[in-house]
Amino acid sequence: MERALHPVNARLDDHLPVDHKLGKVYRVGAGLTGLLLIVFGVLGLIDQIGFFDTGGDTVLALNTNGALSVLSICIGVLLFVGMVIGGTFASTLNIVLGVAFIASGFINLALLDTGLNFLAFEIQNVLFSFVVGVMLMWFGMYGRVGSALPHDNPYWRARHPEQAAREDRARRTQGTAPVMHGRCP
């Protein structure tokens, strides 16, 4: 049963070593995206747009209203928390929020010309959601997912424990094996 639930013998919450260089990528991705969302949200609130106003007010070439501004600030703060915590938390948060942004893009695309478009989305907002979603997913998956991860990558090692152990044994024996100079044992 365990094999069926975790077929690659690794989960998204496996921990990196504390000082692993991949943690910087996750932190930078969360921080930059969070900053962008906070700036967008604050500028929307400064304009004092109605909370559920769908009148077409724009900030940074994107339609907005008070609800979208507050939501952007909340998600930006969440990304800043991920940046501060770092590690696999930031990576997983980036992935989850990236998927949420892409889903939001599709949902709001379906709601564009309906009365349910309470976040005042227009097509540029949908495209922005897709771009931010892909960007967050890229930052979150960097060094975690792929067919060509280096064998010293902690995620590759977690997914291939038997091969990693064989490579470790081979590395240890290469350094300590006696050298036979032309003689057979």
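Me: How much space lies in the largest pocket?

Reply: In this predicted model, the largest pocket holds about 240 Å³ of space. Among the 16 residues that line the largest pocket, Leu-68, Phe-101, Ser-104, Phe-121 and Ser-129 are the closest to its centre, and the elements giving two or more residues to that lining are α2, α3 (66-85), α4 (87-110) and α5.

Me: What makes up the lining of the largest pocket, in terms of nonpolar, polar and charged residues?

Reply: The lining divides into 12 nonpolar and 4 polar residues, with no charged ones.

Me: Why are α2 and α5 called roughly antiparallel?

Reply: Helix α2 (residues 22-46) and helix α5 (residues 123-141) pack at an angle of about 160°, their axes lying 8 Å apart; angles over 145 degrees count as roughly antiparallel, and the pair is therefore described in that way. On the α2 side the contact is made by Val-25, Tyr-26, Gly-29, Thr-33, Leu-36 and Leu-37, and on the α5 side by Phe-128, Val-132, Met-135, Leu-136, Phe-139 and Gly-140, a set that divides into 9 nonpolar, 3 polar and no charged residues.

Me: How do you know that the reach of α2 is close to the expected one?

Reply: With 25 residues, α2 reaches 36 Å from its first C-alpha to its last, against the 36 Å expected at 1.5 Å a residue. Just after α2, Gln-48 takes a positive phi of about 50°.

Methods
Residues numbered from 1 in each chain as written. Predicted model: local features only at pLDDT ≥ 70, side-chain atom pairs only at ≥ 80, totals over all residues. Heavy atoms only, no water. Axes fitted to C-alpha atoms, helices over the stretch in contact; angles between N-to-C directions. Helix = DSSP H or I, 4+ residues; strand = E, 2+ residues; numbered from the N terminus. Parallel < 35°, antiparallel > 145°, perpendicular 65-115°, else oblique. Contact = heavy atoms within 4.5 Å. Nonpolar A, V, L, I, M, F, W, Y, C, P; charged D, E, K, R; others polar. 1 Å grid on protein atoms, 1.4 Å probe; cavity = no way out; pocket = protein on both sides within 12 Å on 5 of 7 lines; lining within 4 Å. Points joined across faces, edges and corners; volume = space filled by probe spheres on them. Expected span 1.5 Å × (residues − 1).
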